[in-house]
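Have the structure open while you read.

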Amino acid sequence: MKLYGLSLNGVSQMSLLRTTWLAESLFGNQCRFMTTSKRVQDRSKTKRVHDLEIVTEKWKIAFKALLLMEVLKQEPEMVIPVRSLQQYRRQINLPKPHKVSDFIRKSPKLFELYKDRKGVLWCGMTKRGEDLVEEEERLIKEHEDKAAEHVTRLLMMSIDKCLALDKISHFRRDFGLPVDFRTNWVHKYPQNFKLVKNGEGAQFLELVDWNPAWEITELEKKVMGITELNDHTPGMLSLAFPLKFPPEYKKVYRYGGKIAHFQKRSYLSPYADARGLEAGSHEFDKRAIAVMHELLSFTIEKRLVTTDHLTHFRREFVMPQKLMRLLLKHFGIFYVSERGKRFSVFLTEAYEGTELKEKGPLVLWKEKVQSFTGYRGKRKNFECFDDGESDMDEEEDEDNGSVRRNSESESSCLELEEEEYGSDLEEGLVADDAENEMEIEEVCNAYKEDI
């Protein structure tokens with residue numbers, strides 16, 4: 001028995017040595033670079049698009065200013081005590097000990113600070129900021145009909161032709177919807193949709209009338225030149241998706257055959273009934289890609305800021321459980337940016353470098369707001385400004401409300417950490433960690449599977 005044990009151990013050791021030698025022979029030094037991490041952030045660097053990462057970084061700063069402007073718009077006279085802005089620290093990702101008043105001073109062309117007779121520090125908008133608010137309201141009003149079309153088409157793509165109002169609200173900014181869309185806007189288009197409630201009191205938006213002219217996908221319009229067909233019936237499509245791979249990715253030729261096979265495969269239109277599709281099948285996945293392509297085409301910037309909100313629509317739009325994995329696998333169609341604590345997904349065909357190819361009025365307006373912030377494109381810090389007011393050196397202590405001298409705030413730059421995005425002020429920022437994780441090998445070998 002003792003000899004048998006030695007023999008068994010010897011065989012085990014020899015098997016281990018043989019396996020190790022075979023791995024080193026086949027893969028060389030690659031084994032040293034393997035990681036056990038399952039985070040999306042660890043994907044191959046050759047699949048990163050630096051230009052789109054710059055876009056994400058740029059709009060992170062603009063988002064903070066837009067959030068503050070939205071807070072001020074909700075106030076009766078568009079002014080608010082600085083102490084009351086403490087509740088929005090999480091949305092603008094301003095950690096202590098940084099002060100809200102310091103953050104406001106970084107954009108003196110948009111915001112201003114002043115004290116009342118009691119020494120309370122208030123925040124308001126400059127004349128330029130107020131003009132921008134009026135301009136946005138005008139642009140959103142002009143965009144209302146197009147936004148109504150996009151919301152209606154969302155309902156047409158959904159399996160029950162009905163979507164929860166709370167879920168739509170996550171994409172309010174992305175679709176250019178007004179702030180009061182819950183209370184007023186949803187009632188302006190009774191010919192398209194109506195507001196209903198379930199037994200628990202939850203509000204839903206329900207499709208009223210099916211418009212055949214709106215069941216033509218954006219890809220059909222672009223590739224085939226179809227704009228309107230009253231007798232069109234959604235069914236199988238055989239259109240190839242525009243592909244734009246990262247500049248550093250040099251392995252496209254290796255998988256050219258599989259990519260071509262994927263592009264030729266027919267798929268069900270996003271507006272057709274998908275109840276009979278088998279989850280996990282090639283047809284199921286390609287239709288999900290078509291749905292995502294259509295959804296991103298509706299957004300004003302051809303990107304969605306919070307991809308975890310997309311997971312809320314998996315059942316309604318008949319999409320896979322692991323949606324993030326699908327987006328990363330097809331990185332020639334979509335690009336997922338992981339800057340900050342939230343993920344953003346881009347429609348790659350819509351961008352040329354760092355610029356959106358077709359900019360609508362709302363995008364141009366956002367760029368105007370961004371130009372008035374402290375963002376300069378090369379530094380993570382905001383550029384510091386001196387407002388020239390001696391009484392601005394005094395500000396309220398944000399912990400106990402007392403007024404104290406802050407002479408160092410004029411010369412110190414505020415370092416902002418990574419942004420945590422949110423569409424509405426009242427929405428909680430809930431992460432879907434399980435959805436944002438995947439095997440690193442599946443990311444680095446996106447087209448090695450049979451697609």
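On the α6 side, H150, R153, L154 and M157 meet R287, V291, E294, L295 and F298 of α11, where contact means heavy atoms within 4.5 Å. By class, this α6–α11 contact has 5 nonpolar, 1 polar and 3 charged residues. Here Ala, Val, Leu, Ile, Met, Phe, Trp, Tyr, Cys and Pro count as nonpolar, Asp, Glu, Lys and Arg as charged, and the others, Gly among them, as polar.

Before going further, a word on what you're looking at. This is a predicted model, with local features needing pLDDT of at least 70 and side-chain atom pairs counting only at pLDDT 80 or more, while totals for chains, interfaces and linings use all residues. Residues are numbered from 1 along each chain as its sequence is written, and side-chain values use heavy atoms, with hydrogens and water left out.

The chain holds 14 helices and 15 strands; these are DSSP runs numbered from the N terminus, helices being H or I with at least four residues and strands E with at least two. Of its 451 residues, 50% count as buried, meaning under 20% relative accessible area, with exposed over 50% and partly exposed in between (1.4 Å probe, protein chains only). Among contacts with a separation of 6 or more, 70% are between residues 24 or more positions apart.

Back to the helices, now with a second pair alongside:

| Helix pair | Packing angle | Axis separation |
|---|---|---|
| α6 (residues 144-157) and α11 (residues 282-298) | about 165° | 10 Å |
| α5 (residues 127-142) and α13 (residues 361-371) | about 165° | 10 Å |

Axes are lines fitted to C-alpha atoms over the stretch in contact, and angles run from 0 to 180 degrees between N-to-C directions. Angles under 35 degrees count as roughly parallel, over 145 as roughly antiparallel, 65 to 115 as roughly perpendicular and the rest as oblique. So α6 and α11 are roughly antiparallel, and α5 and α13 are therefore roughly antiparallel to each other.

What about handedness? The α6–α11 crossing is left-handed, and α5 passes α13 in a left-handed crossing, the term meaning that the near helix is turned anticlockwise from the far one by less than a right angle (clockwise would be right-handed).

For the second pair, L132, E135, E136, L139 and I140 in α5 meet P361, L362, W365, K368 and V369 in α13. That contact has 7 nonpolar, no polar and 3 charged residues.

Now some single residues. T217 sits in the loop between β6 and α9 and is buried at 4% relative accessibility. Leaving aside neighbours within four places in sequence, T217 touches R153, L237, S269, P270, Y271 and E294. R153 and E294 also turn up in the α6–α11 contact.

L237 belongs to strand β7 (residues 236-237) and is buried too, with a relative accessible area of 10%.

D209 lies in the loop between β6 (203-207) and α9 (218-224). Beyond its neighbours within four places, D209 is in contact with Q191 and N192; the C-alpha atoms of D209 and Q191 are 6.7 Å apart, across 18 residues of sequence.
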